[in-house]
Amino acid sequence: MASAAIFSSLRRRRSPSLEAFLAPVDLTDVALVQTLASLTAELVSSFSDVCFYFQRKNSRSLVRKMEVFLVLLEYMRDSGLNLSWTTVLCLKELYLLLYRSKILLDYCAQSGKFWLLLQNHSISGHFHDLDQEISTLLDVFPMEDVELAEDVREQVELLRRQSRRSKLFIDKDDEALRIRFFSFLDEFENGRIPGSDELRSFVVERLRIQDPKSCRNEIEFLEEQIVNHEGDIEPTVGVLNGFVALTRYCRFLLFGFEEDEVEVGTGSQKKPRRGLLSQEIADTFITIPKDFCCPITLDLMRDPVIISTGQTYDRSSISRWMEEGHCTCPKTGQMLINTRLVPNRALRNLIMQWCTAHGIPYDPPECADAAAESFAAASPTKAALEANRATAALLIQQLANGSQVAKTVAAREIRLLAKTGRENRAFIAEAGAIPHLRIILSSPNPIAQENSVTAMLNLSIYDKNKSRIMDEKGCLESIVDVLRFGHTTEARENAAATLFSLSAVHDYKKRIADEQGAIEALAGLLREGTSRGKKDAVTALFNLSTHTDNCVRMIEAKAVTALVSALGNEGVAEEVAGALALIVRQPIGAEAVGNEEMAVVGLIGMMRCATPKGKENAVAALLELCRSGGAATKEKVVKAPALAGLLQTLLFTGTKRARRKAASLAREFQRSENAVMHFGGLGVGYAFASNSAPSRDSGFANDVSVPMSISVPVL
């Protein structure tokens with residue numbers, strides 16, 4: 001952390017504070033000289049024999065300057081001189097200078113070669129800045145107050161004169177390599193794929209990157225720079241993405257697929273190596289910036305819009321807020337002058353950049369304005385796209401004809417490529433990846449299977465690929481087999497998420513439900529899976545329950561029992577209640593739910609303490625249970641304790657849909673012979689809410705409200 005803080009300050013041409021170094025030292029009198037001598041000796045010793053591949057002259061020159069300071073400090077330490085306050089101030093400034101020099105030398109020694117090339121001008125500027133600071137320090141250093149030996153004084157004077165004359169130095173050979181690196185990106189930009197001989201000469205012979213591990217390290221270092229990117233640093237994120245794509249293409253073109261750090265043993269549970277970009281969306285270590293979250297749902301915004309008060313919300317959330325009759329700003333409480341929603345293009349672009357940097361799939365809404373689309377197709381992105389397209393061709397060739405190890409590596413890389421951008425998903429599928437991934441779904445290798453099913457999930461996010469997957473003979477069956485018998489938990493969870501993604505198309509819901517073992521496996525995952533697995537399972541079951549023909553299958557497969565049991569799980573209760581509200585619309589579904597001992601108790605519990613959407617779904621389920629479940633089931637609901645008070649509260653405080661459902665439920669109770677006994681106090685609330693309530697709500701969309709979000713694949 002100290003290194004990052006110092007170098008960040010260095011880039012902004014500011015001197016960091018002493019606290020930034022986190023170094024426990026006593027900066028007083030003789031202890032200061034001893035400390036500085038020790039630090040300088042350590043710096044010189046650490047870097048004297050380091051072979052800097054780039055910034056060689058600048059680095060060697062800085063180390064030689066530190067050697068002169070070491071001579072000065074050792075003489076002062078051994079002489080036991082009394083230091084004036086001016087000398088102490090200068091030595092404290094030298095303390096800062098030493099640490100900044102160490103950070104810069106460390107940066108040049110440890111950074112990726114591609115990154116050092118891209119930052120050639122900037123890093124050369126940092127060395128020049130240090131030269132100027134050395135010159136300033138020596139100009140103000142009170143030589144007359146320090147009785148130095150003649151030879152020491154001569155060395156210090158020589159260093160002072162040299163520092164005054166120092167100029168910015170940019171190595172011509174390094175600069176030529178940097179320009180050549182950019183030229184490869186330009187070739188992809190113009191639709192030409194650089195030749196393998198050209199790339200081999202550049203990467204292997206000139207940069208000495210000679211094995212797949214080194215190349216992988218270069219990719220990961222570039223990815224880390226994207227994660228840590230700051231707006232005032234060049235190159236831009238778009239250009240960096242292009243260089244990542246170019247480097248990935250070089251990795252497979254030049255070094256093949258056999259030698260890679262992937263465990264391919266059939267019994268290994270080791271995950272693929274991950275860089276900072278290879279983290280799953282559900283990973284709790286990724287914190288979404290607060291400004292990117294909708295103030296209503298607290299979820300990442302897909303389509304941010306600005307309302308009349310100047311606040312930004314996700315379009316779907318604020319639209320629903322307005323549809324429910326609210327005329328104030330949710331965040332500020334101000335009255336809305338109008339209901340116009342203005343796209344927040346700048347914020348959407350920032351969200352897209354952040355998602356790209358963190359490997360989070362982000363597809364803007366189909367109706368997104370042209371500005372957002374043009375961002376995705378901007379000039380730098382085109383180069384990245386073409387490089388990725390060329391890489392995909394290599395990968396798919398290996399999926400088709402490579403060894404088992406090569407197929408495992410290729411499936412992993414397809415997974416990575418497909419995680420972001422509809423263009424990537426489109427051309428990967430168009431190039432024929434799906435049939436080959438289907439075969440790998442049956443692989444005995446856990447890593448190969450996991451990569452394949454997650455790649456299938458990523459591809460399915462693009463709507464046109466859903467039909468490709470469903471039309472591929474045996475593909476749905478293979479995905480269900482992974483859900484049922486997958487080698488790893490992650491593979492089974494991602495198979496469930498894939499079924500959810502595919503079931504977004506209404507025509508596919510029945511086919512998925514009829515696939516042998518699909519509903520049973522989803523119910524099992526809902527009962528016994530991880531928190532993420534339960535979320536994947538319940539969203540898939542919810543989608544399938546929206547098709548009326550699936551009700552019987554869900555009952556037979558014990559999915560209804562699993563759903564009722566999950567009502568007490570806060571993480572999935574909202575979606576569970578929504579699925580039950582759909583199932584109980586049919587008499588056979590209502591009977592099955594009514595026979596579950598904890599169904600009514602669980603739904604009433606949700607009315608007490610669930611989210612607004614959860615309460616809405618719970619009262620909708622109870623309403624449909626009364627309507628379709630017969631007299632006995634209705635009686636069970638009517639006699640439920642505490643329901644009267646909860647209904648009355650909901651009539652006044654619930655969402656618009658929840659109030660409508662509660663009013664309809666109150667009418668059902670009034671028609672029952674027990675209405676007076678149990679619900680005599682509902683009159684005022686019922687009259688308040690029933691004016692606009694139809695005789696029976698129609699349409700699934702009006703019955704339940706469940707956020708439809710696919711669990712993000714891990715990479």
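This is a predicted model: local features need pLDDT of at least 70, side-chain atom pairs count only at pLDDT 80 or more; totals for chains, interfaces and linings use all residues.
Student: Which residues does V564 contact once its neighbours within four places in sequence are left aside?

Tutor: V564 belongs to helix α27, and it is buried, with a relative accessible area of 6%. Leaving aside neighbours within four places in sequence, V564 is in contact with L580, E596, M598 and A599. For V564 and E596, the C-alpha atoms are 7.3 Å apart in space, although the two residues are 32 apart in sequence.

Student: What share of the contacts in the chain join residues at least 24 apart?

Tutor: Among contacts between residues at least 6 apart in sequence, 74% join residues at least 24 apart. The chain has 715 residues, of which 56% count as buried, and it contains 37 helices and three strands.

Student: I would like to read the aromatic residues next; how is a pair of aromatic rings described?

Tutor: A pair of aromatic rings is described by the distance of the centres and the angle of the planes. The structure holds 11 aromatic pairs. One of them is formed by F114 and F181, whose rings are stacked, at 4.6 Å centre to centre and with 20 degrees between the planes. This pair links distant parts of the chain, since F114 is in helix α5 (residues 113-118) and F181 is in helix α8 (residues 172-189), 67 residues apart. F114 and F181 are both buried.

Student: Is the pair of F188 and Y249 stacked or edge-to-face?

Tutor: F188 and Y249 form an edge-to-face pair, with 5.7 Å from centre to centre and 85 degrees between the planes. This pair too links distant parts of the chain, with F188 in helix α8 and Y249 in helix α11 (residues 237-255), 61 residues apart. Both F188 and Y249 are buried. There is also one aromatic cluster made up of F114, F181, F182, F184, F202 and F243.

Student: Which rings have the charged end of a lysine over them?

Tutor: The charged end of K57 sits over the ring of F169, 4.3 Å from the centre of that ring. The charged end of K113 sits over the ring of Y53, 4.1 Å from the ring centre.

Student: Turning to the strands, in what order do they lie in the sheet?

Tutor: Strands of a sheet pair through backbone hydrogen bonds, either parallel or antiparallel. Here an open sheet of three strands has the order β2-β1-β3, and the pairing is antiparallel. At the edges stand β2 (312-314) and β3 (342-343), each with a single partner strand, so one side of each lacks a neighbour in the sheet. Strand β1 (residues 304-306) is joined to β3 by two bridges, and V305 has P343 in β3 as its bridge partner. Helix α12 (residues 315-323) lies across β1, β2 and β3, and it runs at about 95 degrees to β2.

Student: How many disulfides does the structure hold?

Tutor: A disulfide is a covalent bond between the sulfur atoms of two cysteines. The structure holds zero disulfides. As for individual cysteines, C90 is buried, with a relative accessible area of 6%, whereas C609 counts as exposed at 65% relative accessibility.

Student: Finally, is N388 buried or exposed?

Tutor: N388, in helix α15 (residues 379-401), is buried, with a relative accessible area of 8%. Not counting residues up to four places away in sequence, N388 touches A245, R248, L417, N424 and F427.

Notes. Residues are numbered from 1 along each chain as its sequence is written. Side-chain values use heavy atoms; hydrogens and water are left out. Rings of Phe, Tyr and Trp (its six-membered ring) pair if their centres lie within 6.5 Å; planes under 30 degrees apart count as stacked, over 60 as edge-to-face and the rest as tilted. Helices (H or I, at least four residues) and strands (E, at least two) are DSSP runs, numbered from the N terminus. Buried means under 20% relative accessible area, exposed over 50%, partly exposed in between (1.4 Å probe, protein chains only). A charge sits over a ring if NZ of Lys or CZ of Arg is within 6 Å of the ring centre and within 35 degrees of the ring normal. Two strands pair if DSSP finds at least two bridges between them. Contact means heavy atoms within 4.5 Å. Axes are lines fitted to C-alpha atoms, for helices over the stretch in contact, and angles run from 0 to 180 degrees between N-to-C directions. A disulfide is a pair of cysteine sulfur atoms within 2.5 Å.
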